[in-house]
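Here are some notes for a colleague opening this structure for the first time. Please keep the view at hand while reading.

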Amino acid sequence: MKKYIALFIVLVLSCLFNKNNSANKINKIDNDTNLYVIVQGAIEKEKKISFTLNETIRDLVSKISLSNDVYLECINLDVKLYHEQVVYFPIFSSKVNLNTAGFDELKLIKGVGNTIAERIITYRTYSPFMTIEDIMKVAGIGEKTYLKLRDQVCI
């Protein structure tokens with residue numbers, strides 16, 4: 001019985017040590033890693049831009065030179081950046097708002113038929129789109145389809 005108690009104490013201490021050690025590693029990563037995002041779209045050419053923790057797309061906009069035909073109204077500028085994120089700035093044209101467009105308006109998007117339009121409406125009733133990239137969370141829309149749609153939609 002004493003062996004089991006001793007073994008239990010060793011396991012508990014081991015777990016506590018590993019938990020503290022993991023927390024130190026996380027803090028070290030946060031402080032030492034060079035964080036960057038990849039910027040695409042209404043910019044001269046694709047770029048990697050460094051940022052610090054808790055910066056938003058709004059902060060990113062102040063660091064880069066976007067073209068005059070950028071459509072910022074389609075982007076939630078208050079979304080926090082994360083490491084290796086691709087931030088796409090759409091070019092102005094007539095855009096379909098994923099959160100407000102009706103069934104018929106969604107079908108105007110090239111590549112969206114009845115089924116995908118219904119899925120978009122169903123998705124947003126449970127969770128509004130926060131970024132254009134969120135459309136990839138809709139069943140039937142993967143990265144290839146997203147790349148075709150992204151210039152036609154906004155949030």
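This is a predicted model: local features need pLDDT of at least 70, side-chain atom pairs count only at pLDDT 80 or more; totals for chains, interfaces and linings use all residues.

The points below go from the overall layout to single residues.

1. The mean pLDDT of the protein chain is 81. A pLDDT of 70 or more is reached by 77% of the residues. Please read the rest with those values in mind.

2. Helix 1, residues 2-32, has the lowest mean pLDDT among the elements, at 45. Helix 4, residues 114-126, has the highest, at 95. Two stretches need care. Over residues 2-13 the pLDDT stays under 50, and the model has zero contacts there beyond four places in sequence. Over residues 19-29 the pLDDT is again below 50.

3. **Overall layout.** The protein chain has five helices and five strands. From the N terminus on, the order is α-β-β-α-β-β-α-α-α-β. The chain has 155 residues, and buried residues make up 35% of them. What share of the contacts with a separation of 6 or more comes from residues 24 or more positions apart? The share is 48%.

4. Three strands form an open sheet in the order 2-1-3, with mixed pairing. Strand 2 (47-51) and strand 3 (86-89) are the edge strands, and each pairs on one side only. From one strand to the next, the twist averages 35°.

5. **The hairpin.** Strand 1 covers residues 35-41 and pairs with strand 2 in the antiparallel sense, over five bridges. The two strands form a hairpin, with five residues between them. Tyr36 stands opposite Ser50 in strand 2. Val37 stands opposite Ile49 in strand 2. In a regular strand, side chains alternate between the two faces of the sheet.

6. **The largest nonpolar core.** This core has 20 residues. Which of them touch the most other members? They are Leu98, Leu106, Ile120, Phe129 and Ile135. Helix 4 and helix 5 each supply at least two residues of this core. Helix 4 gives the most, with four residues. Nonpolar side chains tend to be buried together in soluble globular proteins.

7. **Ile135 and the second core.** Leaving out residues up to four places away in sequence, Ile135 touches Leu98, Ile120, Phe129, Ile141, Tyr146 and Leu149. A second, separate core has 18 residues. Among them are Val37, Leu60, Leu66 and Leu77. Val37 also belongs to the pairing in point 5, where Val37 faces Ile49.

8. **Asp134.** This residue lies in the loop between helix 4 and helix 5 (143-149). Is Asp134 buried or exposed? Asp134 counts as buried because its relative accessibility is 10%, and the cut-off for buried is under 20%. A polar atom of the Asp134 side chain lies 2.8 Å from the backbone nitrogen of Met130. Asp134 also touches Tyr123 and Phe129, not counting residues up to four places away in sequence. Phe129 is also one of the listed residues of the largest nonpolar core.

9. **Cys74.** Cys74 sits in the loop between helix 2 (57-63) and strand 3. With a relative accessible area of 0%, Cys74 is buried. Cys74 touches Pro90, Lys95, Ile132, Val153, Cys154 and Ile155, again not counting residues up to four places away in sequence. Take Ile132 from that list. Cys74 and Ile132 are 58 residues apart in sequence, and their C-alpha atoms are 8.0 Å apart in space.

10. **Two positive phi values.** Most residues other than glycine have a negative phi. Asn54 has a positive phi near 70°. Asn54 is found in the loop between strand 2 and helix 2. At 58% relative accessibility, Asn54 counts as exposed. Glu84 also has a positive phi, near 70°. The loop between helix 2 and strand 3 holds Glu84. Glu84 is partly exposed, with a relative accessible area of 47%. Please look at both backbones in the view.

Conventions:
Residues are numbered from 1 along each chain as its sequence is written. Side-chain values use heavy atoms; hydrogens and water are left out. Two strands pair if DSSP finds at least two bridges between them. Axes are lines fitted to C-alpha atoms, for helices over the stretch in contact, and angles run from 0 to 180 degrees between N-to-C directions. pLDDT is the predictor's confidence in each residue, from 0 to 100. Contact means heavy atoms within 4.5 Å. Buried means under 20% relative accessible area, exposed over 50%, partly exposed in between (1.4 Å probe, protein chains only). A polar contact is a pair of N or O atoms within 3.5 Å; within protein, one must be able to donate a hydrogen and the other to accept it, and residues adjacent in sequence count only if both atoms are side-chain atoms. A nonpolar core is a set of buried Ala, Val, Leu, Ile, Met, Phe, Trp, Tyr and Cys residues joined through side-chain atoms within 4.5 Å.
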